[in-house]
Amino acid sequence: MAVSAVHLESDAFLVCMNHALSTEKEEVMGLCIGEVEVTRIVHIHSVIILRRSDKRKDRVEISPEQLSAASTEAERLADMTGRPMRVVGWYHSHPHITVWPSHVDVRTQAMYQMLDQCFVGLIFSCFIEDKNTKTGRVLYTCFQSVQAQKSSEYERVEIPIHVVPREAIGKVCLESAVELPRILCQEEQDTYRKIHSLAHLDPVTKIHNGSVFTKNLCSQMSAVSGPLLQWLEDRLEQNKHSIVELQQEKEKLLQELAAL
Amino acid sequence: MAASISGYTFSSVCYHSANSNSDHEGFLLGDVRQEETVSISDTQISTAELLQIVEIHNHDPCAQLFSFYDYAGKVSEENLNSILKDRRKKVIGWYRFRRNTQQQMSFREQIIHKQLTQLLGVPDLVFLLFSFISTANSSTHALEYVLFRPNRRYNQRITLSIPNLGNTSQQEYKISSVPNTSLNYAKVVKEHGAEFFDKDGVMKDIRTIFQVYSALQDKVQAVCVEVEQSERVKEKFQEDVNKLKQQIALRKRKTAEEKRLREVQNADSRSTPEENTEPPEASLLSRITFHAPSAPERPSTSPNPPSYTDLLSQDDSLLSSSSPPTSAALLPRPQAVGSPGHPTPGPLGMGLAMGLGLSLGTSPNPVTTPSTPYLGNGDGSSSDSLDRQAAGQEDDDDDEDDEDDDEEDEDSSEYENLVSETTHLQMVSASVLVPGRPAALSPDGDARGSQTT
């Protein structure tokens with residue numbers, strides 16, 4: 001096995017969760033940026049949210065252009081943090097379905113491994129509820145692919161994954177988190193632009209399409225932008241309180257140190 | 001009754017819980033409102049049903065356990081007020097995150113809940129329980145959550161929904177118009193429909209709504225920048241506080257060591273002087289240069305006796321001369337009840353325990369650990385596999401499921417691999433904590449003894 005374990009920083013984990021919980025109707029996906037240590041542990045520092053060009057069910061694939069754009073982003077992060085960062089894996093969500101990767105997922109993962117044997121895959125399963133016990137569930141798993149012995153098919157290999165605590169949210173993760181509304185809006189604009197260019201539509205149909213765009217954008221604002229803004233404001237409040245408390249604690253400790 | 005929580009608040013609770021090396025708890029702030037649904041049935045003209053909706057807006061995490069209650073479960077109103085301050089009015093419930101435990105309220109949680117209900121004056125106070133379990137090899141983790149309203153006699157569990165984008169389908173765009181050859185239709189629609197379009201032929205609404213979206217996104221960016229700055233400031237202060245704590249601990253140890261040295265020298269000067277008068281402990285401590293444990297490190301905000309973290313740093317320096325740990329040693333172990341699944345410097349610590357000669361003769365593992373993590377369903381039953389059938393699971397995933405049952409049946413023989421490469425350390429004082437058990441394990445024992453220790 002090329003990879004022994006995956007360490008996912010908790011602020012990157014936060015962004016993945018935000019992304020996975022943003023929609024229950026389709027699978028979302030993104031790329032993981034980080035580094036592989038000599039101990040063969042993949043350390044994920046941040047994630048990049050991606051647009052899905054093929055929205056068919058369970059066809060979660062990354063285009064070469066997206067991979068290239070992500071590599072550029074990784075270089076930018078490397079410059080910013082001074083550490084050798086690169087794209088080390090991908091994640092996607094399984095809303096309402098089991099956390100285990102499908103055959104397509106395993107094959108896709110195998111393909112990425114051909115380019116980089118340390119490439120890892122993460123899956124977040126959410127919006128699962130056990131109706132009997134009214135228990136909701138969110139699961140996450142990490143896997144790689146290996147060629148099965150009996151056939152030419154690929155098999156899943158489980159990779160241990162741990163969320164590494166990080167008390168403060170990194171700049172990169174915050175930037176990734178606020179990209180989501182922008183990406184959603186871009187997707188909507190692109191779709192609308194294609195529709196709008198169709199010349200043979202009568203005015204009523206055009207009005208209809210324009211209203212669909214308005215409706216979708218309103219949905220995005222109330223379901224994503226709004227809650228995101230609220231969370232950011234709450235976090236700012238929490239941080240302000242923490243800073244005051246930490247300042248007081250620091251004063252106290254300085255006095256204690258001076259007394260010793 | 002229905003309840004909702006935003007995806008961002010939910011993720012934030014998960015984030016705080018992941019950062020915590022013990023149980024984590026906090027308060028839920030929000031609103032309870034009533035919705036009236038009117039229905040008509042054959043027997044009555046209209047029946048109005050009142051549906052209570054619990055909306056969780058935000059959570060207020062507690063920095064430590066036992067911050068507003070004591071070990072007997074008695075809630076202190078004073079501490080509660082100092083934690084909540086003016087947010088007290090918005091409290092509609094509280095939450096708790098625990099690892100490897102049952103999806104039921106523990107006895108202490110129940111009595112705390114009763115007191116909170118009274119003190120906060122919220123008759124239908126809710127309790128959100130998060131329970132975290134992992135597979136034996138830590139490759140898959142599950143976070144289960146249940147919302148209780150313990151003050152009711154029936155229907156104590158409520159479904160918690162997470163509103164999301166859901167059904168914003170782009171399939172609703174029409175790519176062709178319904179064919180119509182009526183000239184009147186075309187004329188009327190064109191004439192009156194022109195109101196909707198501006199001179200470029202673009203719908204006015206599009207521009208307007210896009211402006212709303214842009215303004216909102218700009219605001220999000222601006223607040224994000226502020227948050228980022230506050231995170232850095234907070235990080236800096238936390239670093240300073242940690243450094244000061246370390247310095248204080250070091251200073252205290254030095255003075256204690258000097259005091260011991262003086263006492264020993266005094267005692268020795270009375271008897272025959274020997275060549276090597278330094279007690280082994282003092283020599284060890286003086287040789288070791290204090291340095292912080294390497295990442296992943298735990299924040300020192302938990303009520304941790306300082307000797308544990310000091311001990312780990314001693315391990316690092318002592319064992320640095322030995323061969324670097326193999327990847328097997330770095331592989332995480334299935335954890336004891338209440339401890340997180342993250343990679344603590346467990347193997348090194350366990351080696352230390354071996355050297356201490358603590359009563360660990362037969363078992364290499366100082367803590368009894370379940371061979372399979374608890375996999376209950378919350379109603380007292382349990383299932384064998386972590387891979388319980390999720391609602392709406394697709395059939396083509398069934399092949400993958402079989403593999404899991406094998407993993408779950410692994411026994412704890414993995415532990416034998418652990419301590420092979422550790423050295424034996426002789427001279428540490430017996431007051432050292434048994435390592436391998438991360439700090440501040442929740443002592444929140446379940447009275448029904450459901451924890452699998």
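Student: Which residue does A:Arg76 meet in a salt bridge?

Tutor: This is a predicted model, so keep that in mind throughout. Side chains of opposite charge can pair when their charged atoms come close. Here the N to O distance is 3.2 Å for B:Asp200 and B:Arg207, and for the pair you're asking about it is 2.9 Å. The partner of A:Arg76 is A:Glu73.

Student: Where in chain A do A:Arg76 and A:Glu73 lie?

Tutor: The two are three residues apart, about one turn of the helix. A:Arg76 has a relative accessible area of 36%, so it counts as partly exposed. A:Glu73 is partly exposed too, at 24%. Both lie in helix α2.

Student: How many residues apart in sequence are the parts that A:Arg51 and A:Asp190 tie together?

Tutor: Those two form a salt bridge, with the closest N and O atoms 2.9 Å apart. A:Arg51 lies in the loop between β3 and α2, while A:Asp190 is in helix α4, so the pair ties together parts that are separated in sequence by 139 residues.
As for cover, A:Arg51 is partly exposed at 27%. So the number you want is 139.

Student: What is the area buried between chain A and chain B?

Tutor: The size of an interface is often given as the accessible area lost when the parts come together. In this model, 119 residues of chain A are in contact with 116 residues of chain B. Carbon and sulfur atoms give 63% of the buried area. The total is about 10900 Å².

Student: How many salt bridges are there between chain A and chain B?

Tutor: One of the pairs to look at is A:Glu256 with B:Lys252, at 3.5 Å from N to O. Over all chains, the structure holds 31 salt bridges. Between chain A and chain B, the count is seven.

Technical notes
Residues are numbered from 1 along each chain as its sequence is written. Chains are lettered from A and ligands numbered from 1 in the order in which they are written. This is a predicted model: local features need pLDDT of at least 70, side-chain atom pairs count only at pLDDT 80 or more; totals for chains, interfaces and linings use all residues. Side-chain values use heavy atoms; hydrogens and water are left out. Contact means heavy atoms within 4.5 Å. Buried area is the accessible area (1.4 Å probe) that two parts lose on being put together, summed over both. A salt bridge is a side-chain nitrogen of Lys or Arg within 4 Å of a carboxyl oxygen of Asp or Glu. Helices (H or I, at least four residues) and strands (E, at least two) are DSSP runs, numbered from the N terminus. Buried means under 20% relative accessible area, exposed over 50%, partly exposed in between (1.4 Å probe, protein chains only).
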